[in-house]
Amino acid sequence: MRRILFFDVDGTLVDSEHGKYAPDTEVIKALSEMKKNGYVPVVSSGRNMAQLGMMDRSVFDGFVFSDGGGILYHEECVLNPFPHDVIEKAISDLMIKFVCEVH
C-alpha cells in the first residue's frame, strides 16, 4: 500500500524569514528516500504554482496549490476540483452567516 505524505512549504520545506528559499539538499535526499520506500510526497500550499518554482518536481509526485484551488499529480493538472455551483453556495452561505445578507 502506498501512503501519501503532504508537506507545507512555508516554515516546513523552506524558511524564507531566515534566508532559506528552497529545500536543503538533506531534505531533498530524505524525500527521495521516502519515495523509494513507496511513499508519495505531495506539496500542499496556499502558494500558486508560479510561486512553487523552487520545488523540484522530480522529487514530488504532486502539488495541491492555491489553497486547494488546483491539483497537479504526475504532471496532470486539475484546475477546478470543486464544481462551481458548490463553491458559489458555500461562499453565499458563509457570507449570510458571518458577514451580511447577499443580494
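**The core and its surroundings**

Reply: The largest nonpolar core has 14 residues, and those that touch the most other members are L13, V43, L52, M55, F60 and F63. Such a core is a set of buried Ala, Val, Leu, Ile, Met, Phe, Trp, Tyr and Cys residues joined through side-chain atoms within 4.5 Å, where buried means under 20% relative accessible area, exposed over 50% and partly exposed in between, with a 1.4 Å probe and protein chains only. The model is predicted, so local features need pLDDT of at least 70 and side-chain atom pairs count only at pLDDT 80 or more, while totals for chains, interfaces and linings use all residues. Residues are numbered from 1 along each chain as its sequence is written, and side-chain values use heavy atoms, leaving out hydrogens and water.

In soluble globular proteins, nonpolar side chains tend to be buried together. If residues up to four places away in sequence are not counted, F63 touches V42, V43, M49, L52, M55, R57, G70, I71 and L72, contact being heavy atoms within 4.5 Å.

R47 sits in the loop between strand 2 (39-44) and strand 3 (62-65), strands being DSSP runs of E with at least two residues, numbered from the N terminus. R47 counts as buried because its relative accessibility is 17%. Leaving aside neighbours within four places in sequence, R47 is in contact with V9, D10, V14, L52, M54, F65 and S66. A polar atom of the R47 side chain also lies 3.1 Å from the backbone oxygen of Q51.

Key
Helix = DSSP H or I, 4+ residues; strand = E, 2+ residues; numbered from the N terminus. Polar contact = N/O pair within 3.5 Å; in protein donor to acceptor, adjacent residues only side chain to side chain.
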